[in-house]
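I opened the model today to look up cores, domains and contacts. My notes follow in the order in which I checked things.

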Amino acid sequence: MPVFLLQRFGQALVAIFGVMTLVFFIQRLTGDPTYLLVPETATQADIEAMRRSLGLDQPLLVQYANYLWDMLRMDFGRSYVQNIAVVEIIASRLPYTVQLASGALLVAFVIGLPLGLAMAIWRKHPLTNALMGFVLGAQSMPTFWSGILMIMIFGVWLGWLPPSGSGSFAHLIMPSIALGLLSMATYARIARSAVIDELSKDYVRSARARGVGTGRLVTRHLIRNSLIPVISISALEISQLLAGAVIVETVFAWPGLGQLTVQSVQSRDFVVVQGIVLLGAFVTISVNLLADILYSVVDPRIRKGSRA
Amino acid sequence: MFHTTLRGFLIAASMLTAPALSAQQITVNLVNEPSTLDPHQQWNPDSYYVYRNIFDNIVTRDDAGEIVPQIATAWEQVSDTEMVLKIREGVTFHDGSPLTAEDVAYSVRRITNPEFGSPQLGQFNQIIGAEATGDFEVTLTTNSPYPVLLAQLVKLSVVPKKVVEALGDESFNAAPIGSGPYAFHEWNRGVDVTLSRNDDYWGEAGPFDAAVFAAVPDASTRVANLRAGTADLIVSIDSDIARQLEGQPGVHVLTAPTERVAFMGMNTTRPPLDDPQVRKAATMAIDREGIVLGILAGGETVAGQMATPSHFGYVDGVEPSPYNLEEAKRIVAETGAGETPMEFATSPVFDQRIVQAIQQMLTEAGFNVEISMTDMSTYLQRARAPEQTERPFFSFGRWSCACQDVDGVQFPLLHSSSSWSRVNDPALDKVLEQGRSSLDDSTREAAYAQVQRTVQDSAYILPLYQAVALYGASDKLDWTPTANESLFLNRMAWSE
């Protein structure tokens, strides 16, 4: 087991180094931030001066070496635009992203899983078709539209919820639903097909033959056995949610990482983009590692297999 | 039952948390949060909307657009290159320390110091010296006679020397101290900036106890906030949204003509646009009335020159060159200008409705024009390419120098030495230099009248329209927006 973990850890380090290198060079291929920083009246000499003060006048490889050296010392640099430490900028945005991701995940889980289960068990019931339609609708509604719609209904007409912004639980409700509905649909579909898969297996038939009731069958056997695909999807969903939800954050003026990423890419604030991408890589890799460990907890077969 | 519970829950949630909107607080929705609150660092609207309330500038413009005293109470040009400013006495910074001539001189030296790396350096780099020549007197030196100096000082904020030196640039940016009508209170990163009224302000501080500037990137959300009453003033709306707002109760649209001139730029150094006849044809092909009334419809006016009435150097009585599609077609066919494929360089920042309309109109006249869309930094790299002949054939822009002086518009766009210019005309260069280096108003006006004639005769650039700024506001807010796109809180009030 420790060998396995060490291996995974080594792989993670290589992956992070790869991401670091890629993000450095790709960004520098996309253009020079100096032009965006100076006012229209700046002369060529002013532009040169600005470039020097940002260190962008040095050869690319020298910049790269400096960058790697800074990373080694855990110095993530300062934003070109805001002139403050990147760590500080990201730290101020991260709690919002975590809040929104948790809210969305909660909405997705609480609605999506039971819905998927119900749709699988009562496959033939006429209501299931209606539920399927709801799931499909939730998945196909673009969030910039459903978000604005919610804002108009609950924020402007009914006045029940603050139309946008952050800072309280009430602010979190609408963005969580807008974002969560998307993942909800994914969960419902995955849970449905996993349960249908299980339902056709021999052990279900024998359990039914032994006289096990539907309720007991579901809680004791089906849920646990259908969890593997749900966990795999969760790893994907969580790392996606933690990377920030650009559209929902923009529509609801939610100050998370997604908004920050877009603004930083637009203003070619290389240092901030590097920081966010690294964080994203780190989160994705750790969540996947966690998912691997969780598989073995849920499914004893995997645990036993690794021992053999 | 579920519904009543849900409803009760929602109401409880909103009551628990809705900000106590006191009538004495104003909430403004910007697009993004300020990049910096240090006024010597970033120069973008979302930043200066906020910091211009925290800091006093050396001089300012009143609502009529005249330059009037702020920190400098009087000014005198003592020689061709020296200006003496009298500094207002009795002004204190928010920490209680007095504002002196040394603070003013320090502010000028700080922003013009290349080591400091201010992005605004280009606006002030004609200033080569700033000394306190008395307790309340500062002498500024420019590297040559510079008539636009005072107009530039409208944008130069005064920072407290001792505080900046003690805190360092980073801490000062995080918690700035100025002498303006509003003091910095809190910066909630990514969310909002709160200011509180400076009751010791030397002038009129305005009626609000506090002001919140919140970042709301989506225009529809800003509108929803305004209609729901969680915002009192919103910026950056277009004419479509303005029309939606006009019918709504409790809100109104405020419009101000700005000093921004929209134009179609042409590269006069690249064939076939090096032929004045061909450029004339291009200008005749553009239906500016159609653009202003049909597409924009926000109160813009067709411009006949690269200036607005709010600029010094605006020439009265110039008629825009006429629209004449038939004549344009004839010239294009005759000169064979339609055979050369030409690029119309642009980026998503620019209003694509206009860009597409212009391309359509040029195509109709027989030109072979293709839109080439890139992101902003790539566009700027091309538009400011080191070689004049590499700059784009066509482009659309909206120019403001934020100085209300035509020198700030025409020199960068037309003088051959500028990195924006696609014109290379030594005679025009000379007149532009005259306009920028004489301290005599009538000499300058004559020079700019000459520039205007040359530009129109040779069709060097096509002025399109004077842009307007549209704001959405609660109809309780009493405010007259001005040409320089500032939000001075102490010029706003609640109407009763």
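**Core, domains and contacts**

I started with the nonpolar cores of this predicted model. The largest has 210 residues, and those with the most contacts inside it are A:Met184, B:Val104 and B:Ala281. I then looked up which element gives the largest share of this core: α8(A) does, with 17 residues.

Next I took B:Val104, one of the residues with the most contacts inside the core, and listed its neighbours. Leaving out residues up to four places away in sequence, B:Val104 touches B:Ile58, B:Ile71 and B:Leu85, and also B:Ile87, B:Val138 and B:Val158.

I went back to α8(A) and checked how it packs against α5(A). Helix α5 of chain A spans residues 86-121 and helix α8 of chain A spans residues 169-199. Their axes come within 5 Å and cross at roughly 35°. I noted the crossing of α5(A) past α8(A) as right-handed. By residue class, the contact of α5(A) with α8(A) holds 25 nonpolar, seven polar and two charged residues.

**Between the chains**

How many residues of chain A are in contact with chain B? I found 49 residues of chain A in contact with 50 residues of chain B. On the side of chain A that touches chain B, at least two residues each come from α2 (34-37), α3 (44-54), α5, α7 (143-157), α8, α11 (246-251) and α12 (257-266) of chain A. I sorted the residues of this side into 27 nonpolar, 17 polar and five charged.

**Domains of chain A**

**Domains of chain B**

For chain B the assignment gives domain 1 (6-210) and domain 2 (257-467). Here the C-alpha centres of domain 1 of chain B and domain 2 of chain B lie 34 Å apart. The contact takes ten residues from domain 1 of chain B and twelve residues from domain 2 of chain B. I counted four nonpolar, four polar and two charged residues on the side of domain 1 of chain B that touches domain 2 of chain B.

Definitions and conventions: Residues numbered from 1 in each chain as written. Chains lettered and ligands numbered in written order. Predicted model: local features only at pLDDT ≥ 70, side-chain atom pairs only at ≥ 80, totals over all residues. Axes fitted to C-alpha atoms, helices over the stretch in contact; angles between N-to-C directions. Helix = DSSP H or I, 4+ residues; strand = E, 2+ residues; numbered from the N terminus. Left-handed = near helix turned anticlockwise from the far one by under 90°. Nonpolar A, V, L, I, M, F, W, Y, C, P; charged D, E, K, R; others polar. Contact = placed C-beta atoms within 7 Å. Core = buried A, V, L, I, M, F, W, Y, C linked by C-beta atoms within 7 Å. Buried ≥ 20, exposed ≤ 12 C-beta atoms within 10 Å, placed from the backbone. Domains from an automatic or database assignment.
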